[in-house]
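Keep the structure open as you read.

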Amino acid sequence: MNIAKMIDHSLLRPELTVDDILCGCEIAARRKVASVCVRPSDVELAATALVGSGVLVGTVAGFPHGNTRTAIKVAETRALVQAGADEIDMVLHIGRLRSGDTGYVYDDIAAVVSAAQGRVVKVILENAYLTDEQKSLGCRITEQAGAHFVKTSTGFAPGGATLADIQLMRAAVSPHIQVKAAGGVRSLDMLLTLHEAGATRFGATATEAILDDFAARERGELPAATTSAADGGY
């Protein structure tokens with residue numbers, strides 16, 4: 001199992017400096033993770049730092065609230081692709097989903113998918129604000145609009161990834177749609193539990209601790225995972 005290639009190393013906190021971003025990119029390259037997920041203003045910096053590393057550059061659109069106009073999300077996505085982004089994690093319009101305005105939510109996602117020009121698009125539902133029915137509806141709309149992933153959280157809401165949500169989201173979409181867990185994935189035990197439930201990507205800041213734990217267990221230095229993620233990620 002290649003745990004590293006399941007991790008999007010998250011570099012989204014507002015206080016991060018340029019040196020922090022470069023350090024995070026160095027970690028991502030050294031640990032050979034799937035991607036970094038950086039702030040929009042850091043895409044060119046990350047793309048330059050990661051040339052030849054095999055690590056993808058991910059970033060965010062409409063982040064973290066999802067309530068910018070569709071035209072702004074589209075313009076942002078186009079600019080990010082031009083700057084070197086390989087993957088776009090967009091936040092759907094949470095309020096419109098809660099209002100049952102499915103046409104707006106669909107059009108918003110589909111427009112970003114088109115603007116991404118074939119790049120992977122992950123759609124953040126921000127589950128902390130949704131009922132289970134709304135989560136399932138958001139997943140179905142995401143698939144219909146042509147995105148590639150459904151994602152639990154931004155990491156900036158009151159709650160993050162939970163086992164129950166991963167199970168619900170996995171059941172709500174077709175097998176070719178992937179599920180990303182983000183928000184509170186701070187341990188190997190949590191990651192493995194959510195992976196078993198169907199998550200294939202994980203947004204994490206504790207990347208090195210998770211990978212060091214996995215390597216130690218592979219060497220037989222630590223006991224196998226025994227804890228549960230049923231109580232959530234935060």
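## What covers helix H5

The buried residues of H5 are covered by, among others, helix H3 (70–83), strand E4 (87–91), helix H4 (94–98), strand E5 (120–124) and helix H6 (132–144). Helices (H or I, at least four residues) and strands (E, at least two) are DSSP runs, numbered from the N terminus. This is a predicted model: local features need pLDDT of at least 70, side-chain atom pairs count only at pLDDT 80 or more, and totals for chains, interfaces and linings use all residues. Residues are numbered from 1 along each chain as its sequence is written, and side-chain values use heavy atoms, with hydrogens and water left out.

Which residues of H5 are buried? They are Val105, Asp108, Ile109, Val112, Val113 and Ala115. Buried means under 20% relative accessible area (1.4 Å probe, protein chains only). Just after H5, Gln117 has a positive phi of about 55°.

## His93

His93 sits in the loop between E4 and H4. It counts as buried because its relative accessibility is 14%. Leaving out residues up to four places away in sequence, His93 touches Gly66, Asn67, Lys73, Tyr104, Val105 and Asp108. Contact here means heavy atoms within 4.5 Å. A polar atom of the His93 side chain lies 3.1 Å from the backbone nitrogen of Arg96.

## Helix H9

In H9, the buried residues are Thr207, Ile210, Leu211, Asp213, Phe214, Ala216 and Arg217. Their cover includes strand E1 (7–11), helix H1 (18–31), helix H8 (188–197) and strand E8 (201–204). Gly220 follows H9, with a positive phi near 80°.

Definitions and conventions. Buried means under 20% relative accessible area, exposed over 50%, partly exposed in between (1.4 Å probe, protein chains only). A polar contact is a pair of N or O atoms within 3.5 Å; within protein, one must be able to donate a hydrogen and the other to accept it, and residues adjacent in sequence count only if both atoms are side-chain atoms.
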